[in-house]
Amino acid sequence: MASQVVLQTAGLNMVYRHGKLAVHALRDIELTVHEGEFVAIMGPSGCGKSTLLHLLGGLLKPSSGDIFIDGMNIVKLKDRERTEIRRKKIGYIFQRFNLLPTLTAAGNLALAKRIHGNGYLDEKETEEILRLLGIQDRMDQRPIELSGGEQQRVAIARAVLNKPSIILADEPTGSLDSTNSKVVLRLLRETNHHLKQTIVMITHDPEAAHTAQRIIEMRDGQIISNNAGFYHEAEMDGIF
Amino acid sequence: MKRMLIANLLQRPTRTIVSMSAVAMAVILILVLTGLSHGLLNDAARRTQNTGADILFQPSGASLFFAFNTGTLPIKLINRFKEIPGVTYLTPVLVNFSVGRFGLTFGIEWESFNNFPGRLHILSGRPFQGEYEAIIDDLFARSNHLNIGDTIKILARDFKIVGICQSGIAVVRVFIPLSTMQSLTGAADKASMILVKCQEAGRIPAVYEQMKREYKGYNIVKASDVQDLMAENTPFLREFTYTIIAISVFVSFLVILLAMYTSIFERTREIGILKAMGAPKSFILSTILKESVLLSSLGCIAGIIGTYVIIQIIRIKFPSMLIDIPFDWHFKACFLALLGGTLGSLYPAFKAASQDPVVALSYE
């Protein structure tokens with residue numbers, strides 16, 4: 001396991017207020033993720049895992065506590081600076097793929113490069129990733145012309161393309177059948193292995209969670225367990 | 001970026017066409033209205049200047065828009081003007097305005113009127129010899145399907161058309177003998193104005209100054225100043241034009257505002273995705289603004305094309321109506337339409353840029 005900490009939370013709390021009603025989505029979350037780690041966060045709906053992912057990605061500001069990305073406390077940053085961190089260091093993968101429907105697969109990847117501005121994979125590396133994901137021949141198709149599995153593979157390519165240090169995956173297999181789910185999970189592991197990117201994936205599927213190196217289980221806004229998964233680099237091919 | 005802009009416009013073709021049409025309509029309104037007002041003013045001024053007169057002598061309070069004038073100027077003034085050094089030719093003109101199809105009629109003295117450089121060039125027929133004979137210009141003849149020998153009613157009398165002259169010579173299109181008009185309007189020995197021709201251009205200022213000095217209270221205008229004076233003195237034309245322009249720009253502003261607002265609403269989730277990908281506010285803002293600029297630019301092109309189609313239709317349907325669009329107004333109209341479109345997209349763009357990414361991502 002890599003030793004450098006890339007993601008860390010300290011005393012993280014999130015309270016949603018609706019008038020006089022206060023809903024504690026997260027309570028005192030202490031989380032540490034190392035470079036190159038593949039971590040799954042599991043738990044039932046409403047346990048706070050999506051909120052945690054949004055906080056880690058800087059999309060939300062916590063009610064209290066700190067979030068460190070590569071040692072920088074993003075809670076203290078302005079909105080513009082958090083956006084900068086997200087652009088440079090974080091890649092998102094969503095449950096519903098969230099490709100821009102008006103653009104082709106290639107257009108979606110080009111847009112990600114355009115937003116990032118620099119530091120993305122060169123042409124050779126991009127081709128390699130596309131070949132690894134098996135979508136090199138589908139680049140001229142619009143999302144609507146792609147299957148769910150293909151769309152998610154394009155979304156993975158979009159997320160890893162700019163070489164972010166952290167990939168945040170929000171139930172990446174939630175909208176896929178079991179065959180495509182396995183393909184996507186394998187690809188996530190392979191890109192994790194290949195590009196040495198840290199992956200934090202939330203899921204409510206135990207099978208998906210067990211492909212990670214570490215499984216963090218949440219309930220009622222709290223971490224209730226933090227165990228090793230089945231993922232071992234040496235066993236990669238064996239599982240699938 | 002370009003691909004995204006074009007893809008966004010193509011995704012909702014109806015919205016794109018409606019928005020473009022609104023901008024195009026603003027451009028068309030601005031250009032056609034400006035063209036019409038300039039055309040009418042320039043035509044009137046040009047044709048007044050085309051008589052070849054150097055100075056127009058009118059009664060006190062007379063207008064350069066001859067329709068507003070009556071015959072109150074004694075013709076005998078001509079004899080006094082002849083004594084002014086530098087004056088070569090003089091001719092009296094009595095003007096009558098009819099609400100009928102031809103508007104203005106000039107009562108002229110054939111001989112003295114034709115001393116002027118802008119004399120009537122008879123294309124067919126002959127000068128009038130009898131009392132109730134008229135000469136019309138070729139444009140009026142063509143647009144009203146009139147020929148030599150036909151009859152037109154002027155001042156409740158039938159006039160026989162005896163000649164067709166070249167258009168653009170004078171401000172009016174129908175001419176009758178001065179004496180006939182004087183008799184029909186009860187303005188014996190009176191005129192609406194006296195046209196003055198000087199020996200040479202260099203004598204004009206001196207003649208003008210002497211007339212101003214000796215005939216205080218009269219309306220004395222140099223022909224070279226007619227166009228500017230008409231533009232300045234046209235009642236409410238400038239205000240009317242600017243009001244229509246402001247309304248046109250406001251309409252394009254509102255339509256683009258509505259179109260972009262709807263578009264932002266439809267693309268809430270996409271904006272959330274962009275934000276999750278790390279797109280800064282400026283990127284989202286510029287994307288929306290660029291889209292509206294592209295939309296408005298296409299609308300401007302369509303508007304200019306539409307303007308010239310409408311001008312052609314006007315020319316065919318109303319040949320005597322002149323439209324003269326100053327070249328710089330093409331840019332002004334496009335600039336105003338673009339301004340309206342861009343301002344219209346500002347609010348939706350800011351709204352999109354400041355959307356909460358989490359809320360946007362969960363938008364169904």
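Predicted model: local features only at pLDDT ≥ 70, side-chain atom pairs only at ≥ 80, totals over all residues.
Biologist: Why is Trp110(B) called buried?

Modeller: Its relative accessibility is 19%, and buried means under 20%. Trp110(B) therefore counts as buried.

Biologist: How many aromatic pairs does the search find over all chains?

Modeller: The search of the whole structure gives 14. Among them is the pair of Trp110(B) and Phe128(B), which is edge-to-face.

Biologist: What makes Trp110(B) and Phe128(B) an edge-to-face pair?

Modeller: The ring centres are 5.7 Å apart and the planes stand at 70°. Centres within 6.5 Å make a pair, and planes over 60 degrees apart count as edge-to-face. The two residues are 18 apart and link distant parts of the chain: Trp110(B) is in helix α4 of chain B, while Phe128(B) is in the loop between β5 and β6 of chain B.

Biologist: Is Phe128(B) buried or exposed?

Modeller: Phe128(B) has a relative accessible area of 10%. The limit for buried is under 20%, so Phe128(B) is buried.

Biologist: Why is the pair of Phe250(B) and Phe253(B) called stacked?

Modeller: Their ring centres are 5.8 Å apart and their planes lie at 20°. Planes under 30 degrees apart count as stacked, so this pair is stacked. Both residues belong to helix α9 of chain B, and because they are three residues apart, about one helical turn separates them.

Biologist: Which residues do ring pairs link into a cluster?

Modeller: The cluster consists of Phe57(B), Phe81(B), Tyr215(B) and Tyr218(B).

Biologist: What lies over the face of Tyr208(B)?

Modeller: Lys222(B) does, at 4.8 Å from the ring centre. The distance limit for a charge over a ring is within 6 Å.

Biologist: Why is β6(B) called largely enclosed by the rest of the structure?

Modeller: Five of its five residues are buried, so the description applies. On one side are Glu133(B), Ile135(B) and Asp137(B), and on the other are Ala134(B) and Ile136(B).

Biologist: How do you know that β6(B) pairs with β8 of chain B?

Modeller: Five bridges join these parallel strands, and pairing needs at least two. Asp137(B) stands opposite Cys165(B) in β8(B). β6(B) also pairs with β9 of chain B, in the antiparallel sense, over two bridges. There Ile136(B) stands opposite Val174(B).

Biologist: Why is Met181(B) called buried?

Modeller: Its relative accessible area is 0%, and buried means under 20%, so Met181(B) is buried. Met181(B) is in helix α6 of chain B. Its C-alpha atom is 8.1 Å from that of Asn96(B), 85 residues away along the chain.

Biologist: Why is Ile313(B) called partly exposed?

Modeller: Its relative accessibility is 48%, and exposed means over 50%. Ile313(B) therefore counts as partly exposed. This residue of helix α11 of chain B is one of those in a nonpolar surface patch with about 440 Å² of accessible area together.

Definitions and conventions. Residues numbered from 1 in each chain as written. Chains lettered and ligands numbered in written order. Heavy atoms only, no water. Patch = residues over 30% accessible without salt bridge, like charges linked within 9 Å, V, L, I, M, F, W, Y side chains within 5 Å. Areas by Shrake-Rupley, 256 points an atom, 1.4 Å probe, with all protein chains shown as cover. Salt bridge = Lys/Arg side-chain N within 4 Å of Asp/Glu carboxyl O. Helix = DSSP H or I, 4+ residues; strand = E, 2+ residues; numbered from the N terminus. Buried < 20%, exposed > 50% of the residue type's maximum accessible area, 1.4 Å probe, protein only. Phe/Tyr/Trp six-rings, centres within 6.5 Å; stacked < 30°, edge-to-face > 60°. Lys NZ or Arg CZ within 6 Å of the ring centre and 35° of its normal.
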